[in-house]
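Me: I'd like to go through this model and ask what stands behind each label. Can you take me through it?

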Amino acid sequence: MSNNSVVAQLTELVANLERDETETSAGLHELIDSGVRHVTGCQYAGITLAEKSKAITNVVATHRYPMLLDAIQNQYGEGPCLEAAWQHHTMQTTI
């Protein structure tokens, strides 16, 4: 499946969630669950929020691993997801 196809499917999912007025938490869970199913090689996913205080928070995750990785990066103030959040990039981490 191409990246364009995945993006199109995720865009459609987000539009459907908005149209159905899905509760935010449920919608985010549905979004990352769909992402895991459609991104080749993806096993877990999470959405990270970068706050003005320079802290990051894992908003939602499919497993405890993304939350644990965010907590470690937050503790040390560095790491690929923390850097990506501040530079507004998407980061894929393989463990």
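Predicted model: local features only at pLDDT ≥ 70, side-chain atom pairs only at ≥ 80, totals over all residues.

Me: What makes up the secondary structure of the chain?

Reply: There are 4 helices and 2 strands, running α-α-β-β-α-α from the N terminus on. Helices (H or I, at least four residues) and strands (E, at least two) are DSSP runs, numbered from the N terminus.

Me: Why is Asn58 called buried?

Reply: Its relative accessible area is 16%, and buried means under 20%, with exposed over 50% and partly exposed in between (1.4 Å probe, protein chains only). So Asn58 counts as buried. Its place is in strand S2, residues 56-61.

Me: What makes the link between the side chains of Asn58 and Asp70 a polar contact?

Reply: The distance is 3.0 Å. A polar contact is a pair of N or O atoms within 3.5 Å; within protein, one must be able to donate a hydrogen and the other to accept it, and residues adjacent in sequence count only if both atoms are side-chain atoms. The Asn58 to Asp70 link is therefore a polar contact. A polar atom of the Asn58 side chain also lies 3.3 Å from the backbone nitrogen of Val60. Leaving aside neighbours within four places in sequence, Asn58 is in contact with residues including Gly46, Thr48, Met67 and Asp70.

Me: Which other residues of strand S2 are worth a look, and why is Ile56 called buried?

Reply: Ile56 is in strand S2 and has a relative accessible area of 6%, so Ile56 falls under the buried cut-off. Beyond four places in sequence, its contacts include Leu49, Gln73, Leu82 and Trp86. The C-alpha atoms of Ile56 and Gln73 are separated by 8.4 Å, although the two are 17 residues apart along the chain. Ala61 also lies in strand S2, and at 14% Ala61 is buried as well. Its C-alpha atom is 6.5 Å from that of Ile47, 14 residues apart along the chain.

Me: Is Met67 buried or partly exposed?

Reply: Partly exposed, because its relative accessible area is 42%. Met67 lies in helix H3. Leaving aside neighbours within four places in sequence, Met67 is in contact with Asn58 and Ala61.

Me: How do you know that Tyr44 and Tyr65 form an aromatic pair, and what makes the pair edge-to-face?

Reply: By the ring rule, the count comes to 1 aromatic pair. In that pair, Tyr44 and Tyr65 are 5.3 Å centre to centre, with 85 degrees between the planes. Rings of Phe, Tyr and Trp (its six-membered ring) pair if their centres lie within 6.5 Å; planes under 30 degrees apart count as stacked, over 60 as edge-to-face and the rest as tilted. So the Tyr44 and Tyr65 rings pair, and do so edge-to-face. The pair links distant parts of the chain, with Tyr44 in the loop between helix H2 (24-38) and strand S1 (46-50) and Tyr65 in helix H3, 21 residues apart. Tyr44 counts as partly exposed at 28% relative accessibility, and Tyr65 does too at 30%.

Me: Why is Ile72 called partly exposed?

Reply: Its relative accessible area is 39%, which lies between the buried and exposed cut-offs, so Ile72 is partly exposed. Ile72 is in helix H3, residues 64-76.

Terms used: Residues numbered from 1 in each chain as written. Heavy atoms only, no water. Contact = heavy atoms within 4.5 Å.
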